[in-house]
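Here are a few notes to go with your first look at this one. Have the viewer open as you read.

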Amino acid sequence: MSVSDYTETEGLPAKDRKPYKAWSYDVAGAKLYIPRLADGQDRWFAAALSSEKGKAPSRLAVFAEQPHHKRWEMVSVVDLDSQKLPDVALDREGYATAVAANDNKQLAADADLLRTAVLDNFTTGGTNTGSKVFAPTKGSKRQVKVHSDAATRFGDKGTSVFDEADNRFTDAYALKTADGGALVLFSHTHTQTDAVAHSGLQINPGKEDRAWLHDVPRTSIQYTFVCNDAATVPAKAEPSLLIGYTCARTDASGPPVPSWSHRA
């Protein structure tokens with residue numbers, strides 16, 4: 001996701017590039033959720049972060065130690081829809097409890113099911129899994145709206161369809177919450193394919209697409225998005241809550257219109 005930001009910026013004309021501003025957070029105001037881990041378990045922790053001193057946290061991040069080089073990296077960051085944080089259970093010494101994010105029979109949904117439900121929100125508007133797994137929240141409603149807006153975006157001149165894509169980022173993280181459920185952080189990948197309805201029409205890429213599509217008109221364009229998601233999951237069979245998600249376009253491709261193909 002970070003690399004795609006650089007790629008997109010490098011494709012813009014110099015006059016359209018915004019000065020780079022490194023993202024930072026207020027260390028003093030960070031709220032850390034550090035799980036007590038057994039020997040041999042992967043080392044990670046979550047942090048609720050604010051980009052402004054004195055302000056309530058607006059992001060949840062996961063930092064994990066990478067076994068191959070023993071360095072810590074931020075592997076996920078989600079913009080929260082509410083500054084009211086999930087009530088993570090802490091022991092008497094202030095440690096959180098890590099629980100299995102997948103194949104956890106103590107939870108109403110695991111990371112794989114949550115990922116399927118999020119993808120369903122984009123691909124069908126939540127018709128299948130999405131509306132069954134999630135109660136309506138700002139995040140889930142926004143995903144459903146993305147789907148419905150795309151369906152009418154081109155009118156009768158084209159289509160815009162979402163689909164699941166190969167997901168390289170299958171790691172997921174979960175912390176026990178005070179109600180016996182869990183806060184689950186995971187990632188997903190989806191595509192959006194825009195296509196003209198018939199020959200003679202073309203899609204003109206926007207300037208933010210230039211890094212991938214080079215201002216060449218296309219008959220269809222497939223965009224790839226990588227996203228980080230956060231949800232609270234109850235212990236009993238009740239709907240989960242999508243409390244935030246953050247996406248970045250990481251690729252775009254598609255066939256040029258015939259006149260450009262011949263020119264190339």
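Which exposed residues does the face of α4 turned away from its buried side carry? The answer is in point 4.

1. Before you start: this is a predicted model, where local features need pLDDT of at least 70, side-chain atom pairs count only at pLDDT 80 or more, and totals for chains, interfaces and linings use all residues. Numbering runs from 1 along each chain as its sequence is written, and side-chain values use heavy atoms, with hydrogens and water left out.

2. The overall picture: the chain has six helices and nine strands, which are DSSP runs numbered from the N terminus (helices are H or I, at least four residues; strands are E, at least two). Its C-alpha atoms fill a box of roughly 70 × 40 × 35 Å along the principal axes. Of the 264 residues, 40% count as buried, meaning under 20% relative accessible area, while exposed means over 50% and partly exposed lies in between (1.4 Å probe, protein chains only).

3. Now find α2, residues 111-124. This helix reaches 20 Å from its first C-alpha to its last, close to the 20 Å expected at 1.5 Å a residue; the expected span is 1.5 Å times one less than the number of residues. Its buried residues include L114, V118 and F122. The buried residues of α2 pack against α3, α4, β5, β7, β8 and β9, with contact meaning heavy atoms within 4.5 Å. Just after the helix, G125 takes a positive phi of about 80°.

4. Move on to α4, which has 14 residues. Buried here are G139, S140, Q143 and A150. They cover an arc of only 110° around the axis, so they sit on the same side of α4; the arc is that of the directions from the helix axis to the C-beta atoms. And the opening question? The face turned away from that buried side carries the exposed residues K138, K141 and A151. The buried residues of α4 pack against α2, β5, β8 and β9.

5. Eight bridges join β3 (residues 59-66) to β4.

Key
Pairing = 2+ DSSP bridges.
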